[in-house]
Amino acid sequence: MSVVWYILVLCVVAAAIAYVVYNYQRIRKMPEGTAEMAEMAGIIRSGANTFMKTEYRTIIIVVILLAAVFSLFVEKTSGITFLFGALMSSCACVVGMRSATYANVRTANKARENLSIGETVKVALCGGSISGLCVQGLGLLGLVAVLLIFGNVRHDVTGGGYITSLAGVNPTIMRISTYSLGCSLVAMFNRVAGGNYTKAADISADILAKVRNDLPEDDSRVPNVIADFIGDNVNDIAGNCSDLLESFVATISASLMIAVILFQQYEAHFAESKATLEGVFNGTILFPVLLAGVGLLSCLLGLFYADRKKMSDNPSRELNLATWISAGLTIVLGFVVTAISFAGADGAALKEVYGWAAGWVSPWICAVLGILSGVAIGSITEYYTSTDYKPTRKLAEMAPEGEAFVVTKGDAVGSRSVLLPVLVIGIALFVSGKLAGIYGVATAALGMLAFVGATVSIDAFGPIADNAGGLAESCHLDANVRVITDKLDAVGNTTAAVGKGFAIGSAAFATVSLIVSYVGNYSAEMTLNIASFVVVAGAIIGGALVEYFSAMLTDNTIESAKLMADEGDKQLTPEVLAGEKTPDYNRMIQLAAKQALKKMLVPSVLAMVIPVIGGFLFGVDFVGGLLIGATIVAIPRAIFMGNSGGAFDNAKKYIESGALEGHGKGSAAHKAAVTGDTVGDTRKDVVGVALDIFIKTMSTVANTLVSVFRNITLIR
């Protein structure tokens, strides 16, 4: 029976992909504008494509090597599913990035033609919807394909690799886990490389234009500006797509793994009625897939409605509407699929044995908690980063006092912004755990990500609008066009900050689910003794590794930014500044790509190597501590990084808009705010966004190799 439902989910996926193709063709058919706009857009598109092709030469080698290891030593088919996960993630980020490089110039041209905010928003949202629906559609496509091709998740099977056979390896779970790990690996590479590329370009462009030469932002005479345009696409689009796809897949995978753990834990309670136990088990396996399916359907309907209605001149309201429709429909349809999934389960058994306080409806309540948590975290993030609210305005008002005041105040805003999101996460985890135990925690995580197609679509709106504004400036369009794109860019900064908050919140839920699954895979009592010196040692080291990882990414970005600033200085000759000569864009683009790819491998591999070394040397308890310590340190730090960086960025834009009387562009206050923005750039777009993947990747690796650690530990 589950096969029928999986096929229906695939029908929803097919509809979403059809809508993606339709929107892609719509974007391509729109005019690009002037010859200068088309030329500049072509440079951006070519640079982004070249970077991705070069990056994937490294990714492909790593993926193939790891796939071989999994099939030879862990489980025969797990290498194939690992490749499949990497493929789905890669397809989503490449399609999303390519669509953005077409949508950016069309957005600028729509503003040029109509001078209408509403019409311009529709073009940017159309481009963003391609990214969002690809993330959820392709992530779900790959997972359901694994279930249909290799067989549904089972609790009564064992397997091994072609060379070795390890005790306790469940091949169906291993396929799901390695599919998720393939997504994680691509996400880590994309975030680390893309973050270095875009922020090295952005920081060096800001230093050259605004600080050293008093040039306008996005001035095409500064070669670093074009590299920055490309970076918006390879990180904020491609990197974000692979990041959220990985979170989405990880939460479904964790739910399925926990379903098997629960069966094994409570099997003795159903000794007299195996049929009842099978009904419960089948429900816990079917529910996550169906919830993800109706979430995708809800996103499709929400985005379709937003696309078809007449847009007002209030972009925030229109974008929020698409999110609210998607979330609301997910809640309603989620209740329906909960009833379908647990129709064959014994309600009394769910309450008495599984401990689900509200019976079969418990997972739905937990999913709703996750959805509400996602919306709440987004709203909190918006409050601390938007120019509509006090924190960012107060930060801007500090700018006339100098850089030290700006940075100090920005740090305070970031630190203050941590408490409420963490409270939301903690309360939601506690309540969902009380309602439905560890399965409730997993479904709360899935609930938050069930409408990820809409959230990524809105998030992708930001870099598309940012690129459109940059093209308007660099292609010397009328000042009225820049007014429209600036308004969209300010909204886009907020949507991007909200998206980062959502990504961090979802990562927290997903990681907790994966940690619970990890512990359940080796402990019959499902407990990890935090008083054990082994666990504490792992936790301390895990927390320290987060700090080291953050420092490594920051150092890499600043080193690259300095090299690019020096190169830009050499190119800013009197002829270039006078507009008599065009700078060498290709040389700058190549330098940005070379530096990003050079510094990509070590941080990316670190997240995979750490749990492997810890598991082989010190065992499963040590790795459990490692995961807990890293998660506890990474979540508040990522929120701090994202929100302080977002506040710095929007405080600068608040001053540039003329809202701070007597302190406009080029003033001392503006330069102080630019310094704050430069500090914040690395925080929000490099470190903050990579930390959530760091902890998810470690947790996914640990889940994948827990059977290996159980069998092979050098120091016991």
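Partly exposed residues are those with a relative accessible area between the buried limit of under 20% and the exposed limit of over 50%. The legends below refer to a predicted model.

**View 1**
C126 counts as buried because its relative accessibility is 3%, and buried means under 20%.

**View 2. Helix α1, residues 2–29.**
The 28 residues of α1 reach 41 Å from the first C-alpha to the last, close to the 40 Å expected at 1.5 Å a residue. Buried positions of the helix include the valines V9, V12, V13 and V20. Also buried in α1 are Y6, A16, Y19, N23, Y24 and I27. An α-helix has 3.6 residues a turn, so residues three or four places apart point the same way.

**View 3. Packing of helix α8 (residues 315–341) on helix α10 (residues 362–385).**
On the α8 side the contact is made by W324, A327, T330, I331, G334, F335 and T338. The α10 side contributes W364, V368, I371 and V375. By class, this contact holds 8 nonpolar residues, 3 polar residues and no charged residues.

**View 4. Packing of α8 on helix α14 (residues 452–474).**
Here the axes lie 9 Å apart, again with an angle of about 170 degrees between α8 and α14. The pair is therefore roughly antiparallel. From α8, the residues L319, A322, T323 and S326 meet A454, I458 and F461 of α14. The contact of α8 with α14 comprises 5 nonpolar and 2 polar residues, with no charged ones.

**View 5. L87 in helix α3, residues 78–114.**
L87 counts as partly exposed because its relative accessibility is 42%. L87 and T697 are 610 residues apart along the chain, and their C-alpha atoms are separated by 17 Å.

Methods:
Residues numbered from 1 in each chain as written. Predicted model: local features only at pLDDT ≥ 70, side-chain atom pairs only at ≥ 80, totals over all residues. Heavy atoms only, no water. Helix = DSSP H or I, 4+ residues; strand = E, 2+ residues; numbered from the N terminus. Expected span 1.5 Å × (residues − 1). Buried < 20%, exposed > 50% of the residue type's maximum accessible area, 1.4 Å probe, protein only. Axes fitted to C-alpha atoms, helices over the stretch in contact; angles between N-to-C directions. Contact = heavy atoms within 4.5 Å. Nonpolar A, V, L, I, M, F, W, Y, C, P; charged D, E, K, R; others polar. Parallel < 35°, antiparallel > 145°, perpendicular 65-115°, else oblique.
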